Structure formats: C-alpha cells, structure tokens
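Work through the exercises below with the sequence and the model open. Try each task before reading its solution.

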Amino acid sequence: MDIIFHHPTFNAQQWIEGMQQKLPEASVRQWQPGDNQPADYALVWHPPVEMLSGRQELKGVFALGAGVDSILSKLQAHPEMLPKGVPLFRLEDTGMALQMQEYAVSQVLHWFRRFDDYQALKQQAKWQPLDDYHHENFTIGVLGAGVLGGKVAESLAAWGFPVRCWSRSKKDYHGVTSYAGAEQLDEFLNGTRVLINLLPNTPQTVGIINSQLLNKLADGAYVMNLARGVHLIEDDLLAALDSGKVKSAMLDVFAKEPLPENSPLWKHPRVAITPHLAAVTRPEEAMVYIAKTIRQIENGESPGGQVSLDNGY
Ligand SMILES: NC(=O)C1=CN([C@@H]2O[C@H](COP(=O)(O)OP(=O)(O)OC[C@H]3O[C@@H](n4cnc5c(N)ncnc54)[C@H](O)[C@@H]3O)[C@@H](O)[C@H]2O)C=CC1
Ligand SMILES: O=C(O)C(=O)CO
C-alpha cells in the first residue's frame, strides 16, 4: 500500500513515521512535484492540483482538517483534481471537539460572569459590583450541530445554560433543544443571547451572520465565530456592536486571514480575536483515525467521515 502526503506547514517527517508505524504494511512518502508514481491513499491540506489529478487508482483522499471548503473550492476550478469515484474523507473530531469545548465554555463563562465589564471598569479604576446574569436569560444557540457543534452544545448544557442548536436535520443531544432547516431558523434565533457558529462553509451558509440575522437575536447578544470567516459579514457585526444590539464578539476566523492590520475589528474594544486556532489538528489522534479508516476501506467496510460532494461538507 502506498500513501502520499502533502501539507504546507506540518512536519512531514513526523507524519510519515507516524503513519508508517500505524500501518506497517504501507510505504509512506512526502509527495514532491513530478511524483507520478502510484498511490493508494493521499493525505493532504491545500494540495497542488497536479498531486491528485489523474490518480484514478486512489482509494481515498484524506483532508487533514475538519473543514474541506478549501479543497472543494479548488475542485470547482479543477474538477480533475479528485478523479471520479475517489472518496474524500475529513477529520471527524480527532481531538478538535475538546478544543472547541474549551474555547466556547471559557468564553461563555467569561461573558456570563461579566469579566468583560469588570475589565472595562478596571481600566477606569472603578470598584463597582454589577448585577448578576442568570442562566435563564443566557440562552445559547449553536449554529451547525455536527461533530463539533454537538459536543460544544452538550458541554454548555452541562453548565446549566439553556442550549439550542440549529442544523439541517433534527439532532438528539443531551440537554439541547434542536431546530432544523431554514423554516426553523427564526425560532432558533428568537431569544438566543449567545450565538456560536460551527457551520461548514457552503454556498448556503456564506454570509449567514448578517444584519438581518443579528437583529433577530436577544438584545445585548454575544457572537462567537469559530467556523469560517465567510459566514460573518464583518461590517454588519460592527454596526450591530455600535448600535448595542450585539454586546461583544469573540472571533477566531475572518473573511481575510491573517486579519489585515487596518481592520477595524482589531481596535474595537468589544471584539476579542484569536488567530484561527480554536481547534487544530492533533497529529497523533488524526493519524490513529486515518489508519483506522484505511483499514476499514481495505476490509471492504464503509467508514464514517466521507465528505458529501453534493452537500459540500
Ligand atoms: N476555527 C477552527 O479552528 C476550526 C473550524 N472548523 C470549522 O467547523 C466546521 C464544522 O465542523 P464539524 O462539526 O466537524 O462539521 P459537521 O459536518 O460534523 O457539522 C456541520 C453541521 O452544520 C449543519 N449544516 C450544514 N449546512 C447547513 C445548512 N445549510 N443549514 C443548517 N445546518 C447546516 C449540519 O447539519 C451539521 O449539523 C468545519 O466545517 C470548519 O469550517 C473546524 C475545525 C477547526
Ligand atoms: O480543521 C479545520 O477545518 C480548521 O479550520 C483547522 O484550523
């Protein structure tokens, strides 16, 4: 079995040795331009078109992340990049759900205990106890309730918050009220105080967090974007912050990354920023998952994690 690997920043040696150890029967190599030797599987992130095109022999391509939008958008321009019938897999959780839970829970608690307000008071050297917030007025809505969103929703429910989620089909997460489809989006938004985005980037979800949507949230809402920058219209968020409709935002992803130095988001006192690291690929967990999936394919089983090219995620 031959496996080719390409990632613009990961330590290739670590991945080659790791995969080799988990699949001793495999021969794993870093793909180099001009390498047309056969391969059974490809492990990729931002793959060059020539790495995959024409490789009809592939039994699977593995995206080394959860979101496959960058691969699918490249496929639009170069459909030959994924030969017909070759399945595309993505990482499902592999340690990312815990990171998303840490990120979301810590930020929700920060807002709920009004640490943002106390930080602002501290700047003015003001000793001023504020009214408590109450769980019943702190409904959390998770947009996108898949592998990551579902776990984030459940972990916040465990802290006693009313939690709801929105997805394409109904979900059954412990302590979480499920809303599904475009027809239930308004109901989901009505009364949501904290909006957390974990949707995939698809033509249906681009620009979904816009003025219209923000105006349907509870007054003084909080917004956390952990999915993709294209989901959020940044000017609409700034307007909602300035009008007071949105109290604060925590953003990990941006329309343009790195976020340009002249973006007004940097200077906004009620916007917090992290540089797209809410959840990163953990090599060991990812390699265990990929090796297990490869074994399932080799045994003729149908593994999970296959991307639906029709749905775009
Ligand atoms: N900021 C970061 O560091 C990271 C961000 N991500 C982002 O998180 C996203 C979610 O990852 P997973 O939970 O693994 O994906 P997933 O595919 O398991 O879940 C996606 C969810 O969105 C829902 N959905 C999709 N299209 C919809 C639509 N049109 N209307 C309503 N619901 C819709 C699905 O029903 C599903 O519940 C990734 O696509 C990626 O963009 C992932 C990892 C790290
Ligand atoms: O896995 C993903 O989709 C990511 O965004 C990683 O940063």
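This is a predicted model: local features need pLDDT of at least 70, side-chain atom pairs count only at pLDDT 80 or more; totals for chains, interfaces and linings use all residues.

Residues are numbered from 1 along each chain as its sequence is written, chains are lettered from A and ligands numbered from 1 in the order in which they are written, and side-chain values use heavy atoms, with hydrogens and water left out.

**Exercise 1.** Classify the pair formed by Phe 62 and Phe 89, and find where each residue lies.

Solution. Start with the rule: rings of Phe, Tyr and Trp (its six-membered ring) pair if their centres lie within 6.5 Å; planes under 30 degrees apart are stacked, over 60 edge-to-face, and the rest tilted. The count under this rule is 11 aromatic pairs. For Phe 62 and Phe 89, the centres are 5.1 Å apart and the planes 20 degrees, which makes the pair stacked. Next, place the residues: Phe 62 is in strand E4 (residues 60-63) and Phe 89 in strand E5 (residues 88-89), so the pair ties together parts 27 residues apart in sequence. Helices (H or I, at least four residues) and strands (E, at least two) are DSSP runs, numbered from the N terminus. Finally, check burial, where buried means under 20% relative accessible area, exposed over 50% and partly exposed in between (1.4 Å probe, protein chains only). Phe 62 is buried at 0%, and Phe 89 is buried at 2%.

**Exercise 2.** Which residues of helix H3 are buried, and what do they pack against?

Solution. Helix H3 spans residues 69-77, and its buried residues are Asp 69, Ile 71, Leu 72 and Leu 75. Their arc around the axis is only 160 degrees, so they are on the same side of H3. The arc is taken from the directions from the helix axis to the C-beta atoms. The buried residues of H3 pack against strand E3 (41-44), E4 and E5, with contact meaning heavy atoms within 4.5 Å.

**Exercise 3.** Repeat the analysis for helix H9 (residues 234-243).

Solution. First list the buried residues of H9: Glu 234, Leu 237, Leu 238, Ala 240 and Leu 241. Down the axis of H9 they fall within an arc of 165 degrees, so they line one face of the helix. The face turned away from this buried side carries the exposed residues Asp 235, Asp 242 and Ser 243. The partners of the buried residues of H9 include helix H8 (211-214), strand E10 (221-225) and strand E11 (246-251). Just after H9, Gly 244 has a positive phi of about 90 degrees.

**Exercise 4.** Where are His 46 and Arg 114 found, and is each buried or partly exposed?

Solution. Take His 46 first: its phi is positive, about 45 degrees, although it is not a glycine. His 46 is in the loop between E3 and helix H2 (49-52), and is partly exposed at 42% relative accessible area. Arg 114, also a residue other than glycine, has a positive phi near 60 degrees. Arg 114 is in the loop between helix H4 (96-112) and helix H5 (115-123), and is buried at 15%.
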